[in-house]
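Please read them with the coordinates open.

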2 protein chains.
Amino acid sequence: MRVYNFSAGPSMLFEDVLKEAQSSFLDYEGSGMSVTEMSHRAKVYDGIHTECLALFTELMKVPEDYQVLLLQGGASQQFDAIPLNLLTNGKADYVVTGNFANLAYKQAKKYGDIRLAASSEDKTYTYIPKVTKDSFRKDASYVHITSNNTIFGTRWKEFPETDAPLVADVSSEILSREIDVSKFGLLYAGAQKNISAAGLTVVIVRKDLIGHELPICPTMLAYKTQADKNSLYNTPPAFSIYIAMLTLRHLKKMGGISAINKINEEKAALLYDFIDNSTLFKNYVNKEDRSIMNVPFVTGSEELDAKFVKEAAANGLVSIKGHRLVGGMRASIYNAMPVEGVKKLIEFMKKFELENK
Amino acid sequence: MRVYNFSAGPSMLFEDVLKEAQSSFLDYEGSGMSVTEMSHRAKVYDGIHTECLALFTELMKVPEDYQVLLLQGGASQQFDAIPLNLLTNGKADYVVTGNFANLAYKQAKKYGDIRLAASSEDKTYTYIPKVTKDSFRKDASYVHITSNNTIFGTRWKEFPETDAPLVADVSSEILSREIDVSKFGLLYAGAQKNISAAGLTVVIVRKDLIGHELPICPTMLAYKTQADKNSLYNTPPAFSIYIAMLTLRHLKKMGGISAINKINEEKAALLYDFIDNSTLFKNYVNKEDRSIMNVPFVTGSEELDAKFVKEAAANGLVSIKGHRLVGGMRASIYNAMPVEGVKKLIEFMKKFELENK
């Protein structure tokens, strides 16, 4: 029996996607081989690669002056790749709204003058700081934000205005809502939340920002390396790219990103409404900054939290334990979590609340 | 119908491995989820990760003072990671025996005094240069070789003696023959030939070489980052690690590396014997330096080569076209290519030879 998996990532994939990948696992479209066995120079693989890139471009409405790159190493690798590629005048501004935003900020520091423009650390990252154009240096090479904070459950509902190119880690919300790519210099995301199996990192970068990497930039971290070769400079993570293609096909059939966004808003509203009316569960995030992907909540008692996590798992609601930095619980309700899963969770929370008053 | 896939990589996987991955694709061992969906912090994934590392250690007889790392980015990323981690006194010596060896050499150059100690470029990389301890600088931080040259079909049958730690790219021969790990400072391999699906890179490094990375080394390229976290610093390429685990289990059941090596020697002998006695097909590699993994051959006519590749594919012998740098054909006969596949290829070559005299 399949469970409802509330993991922050890797996390649920659409069941249709999994079923299709399973059925073709030993013989993809009459090729006589698995996608896991294909030469990345073969025509049959090229079909997958090309369709995956085309669907990203179509669904995210990526403008012509941007390029989609299919990379490896996770968002963590981009924390270095971004300054190595974009820090052309040695200065960048960061907004720190959580753990990963902080890592991005710290990792960038070894390459130049990296400034903390704003932070929400003072209230344990439970809100998104208010910023204006003046919060950032006019001559910064770029401004970096983390658009959705997986651990703390916040998100930038509106994105900041900046003079410098805006760079955003969208790992935990890519494909979940419409994002105007043209407002950004660069967007990046690990695939293991809303796109595919782990091992793929997607970068969407404005073309004029490619090719200015620092002399010390490793070849595989320079965007130009993969941009010039259509992300086939070396062997790509082909199976993750295949699962991404199937996921994008599935999203397209559902009506694209605006359609899945409606469902995501509905799921989040159901869960937050229940929590806000509960006498047991609490969410401490500033209401207007709440993530619709990651919903942290606590009972106020560590013992009760642990009991909840254990009993939820026994009821097929798994990986709901909160991150060690915040404790409690966290329901990650990415694109592939069905409404039904959220309803089951709320039912269980109701029951738990009654039993543990 | 499954084909015989002679691709240089990604390439064939054991059919038993694929079947097992397929059967558990929607529900791994009663977890209610696919391996592609599992949190890398979950107990069920930890079982896979731990077993994969343990089997590498067991089958390759990795000594205690070495650590196995499960990374991303391919061997190409290691071409930078190696100097960034090991170039402690600014000098390293490289032997260039092919295209990838040359890329490793060139990419290292941006970090220090990188010397070409020997090369076989003069004869289009058809041999392995003779080297002695004196070929290398005594105070080099390390000496780099490519143990098997995928494109040109050569290999180091015996490894060179060096004062400095020996570093080898073993991408296209790892797990195919017994290698004495203790003779090396570091071994590395992309997974997509003999280990797993693309997206995983294995590094086996002597522990005392970890932690001396240059200050400009990106966090994700520093071995210490993943060594300290048992290769779980960030989300690992979990599905490729799972396929690696299944492949290693399969090899263990077959009798380990010495057993598969016997089969590999047999497959290679069959093919080289046929080529050496053919009046049509030729292999130009120095006999004692021939790879048992990649067997390039030509007819001497580009037209006939193209005809061969096309007709072979129609007969279920696919991806046999040679690399553009050498032309002709190349049969990559990695661990998962059955003896039967090589016999079918030889049969077809015989027939083709008769028909095209």
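1. Burial. A residue is called buried if 20 or more other C-beta atoms lie within 10 Å of its own, exposed if 12 or fewer, and partly exposed in between, with C-beta atoms placed from the backbone. Helices (H or I, at least four residues) and strands (E, at least two) are DSSP runs, numbered from the N terminus.

2. Basis of the notes. This is a predicted model, in which local features need pLDDT of at least 70 and side-chain atom pairs count only at pLDDT 80 or more, while totals for chains, interfaces and linings use all residues. Residues are numbered from 1 along each chain as its sequence is written, and chains are lettered from A and ligands numbered from 1 in the order in which they are written.

3. Helix α6 of chain B. This helix covers residues 238-254, 17 residues in total, and runs 24 Å from its first C-alpha to its last. That is close to the expected 24 Å, where the expected span is 1.5 Å times one less than the number of residues. α6(B) is mostly covered, with 12 of its 17 residues buried. Among the buried ones are B:F239, B:I241, B:Y242, B:M245, B:L248 and B:L251. Just after α6(B), B:G255 has a positive phi of about 115°.

4. Surroundings of α6(B). What do its buried residues pack against? Part of the answer lies in the other chain: α6 of chain A is one of the partners. The partners from chain B are α1 (15-23), α2 (43-59), β2 (66-71) and α7 (256-277). Contact here and below means that the C-beta atoms of two residues, placed from the backbone, lie within 7 Å.

5. Chain A against chain B. The contact takes 56 residues from each of chain A and chain B. On the chain A side, α1 (15-23), α3 (74-86) and α6 (238-254) are the elements that give two or more residues. α3(A) gives the most, with five residues. By type, the chain A side divides into 25 nonpolar, 25 polar and six charged residues; Ala, Val, Leu, Ile, Met, Phe, Trp, Tyr, Cys and Pro count as nonpolar, Asp, Glu, Lys and Arg as charged, and the others, Gly among them, as polar.

6. Symmetry. Chain A can be laid on chain B by a turn of 180° and a shift of 0.0 Å along the axis, with an RMSD of 0.0 Å. The two copies are therefore related as by a two-fold rotation axis. Both copies use the same surface, as 100% of the contact residues of chain A recur in chain B. The superposition is by least squares on the C-alpha atoms of residues with pLDDT of at least 70 in both copies.

7. Domains of chain A. The assignment gives domain 1 (15-253) and domain 2 (257-355), with bounds that come from an automatic or database domain assignment. Their centres, taken over C-alpha atoms, are 27 Å apart. In the contact, 23 residues of domain 1 meet 23 residues of domain 2. β6 (148-149) and β7 (154-155) of chain A each supply at least two residues of the domain 1 side. That side divides into seven nonpolar, 10 polar and six charged residues.

8. Strand β5 of chain B. Five of the five residues of β5(B) (142-146) are buried. B:Y142, B:H144 and B:T146 point one way, and B:V143 and B:I145 the other way. β5(B) pairs in the parallel sense with β3(B) (91-96) over three bridges, and with β8(B) (166-169), also in the parallel sense, over four bridges; pairing requires that DSSP finds at least two bridges between the strands. B:Y142 is the bridge partner of B:A92, and B:V143 stands opposite B:L166.

9. Backbone points to check. The peptide bond from A:G9 to A:P10 is cis, with omega near -10°, and the bond joining B:G9 and B:P10 is also cis, with omega about -5°. A:P10 lies in the loop between β1 (4-5) and α1 of chain A. A:T124, although not a glycine, has a positive phi of about 45°. A:T124 sits in the loop between β4 (113-119) and β5 (142-146) of chain A. Because 13 other C-beta atoms lie within 10 Å, A:T124 counts as partly exposed.
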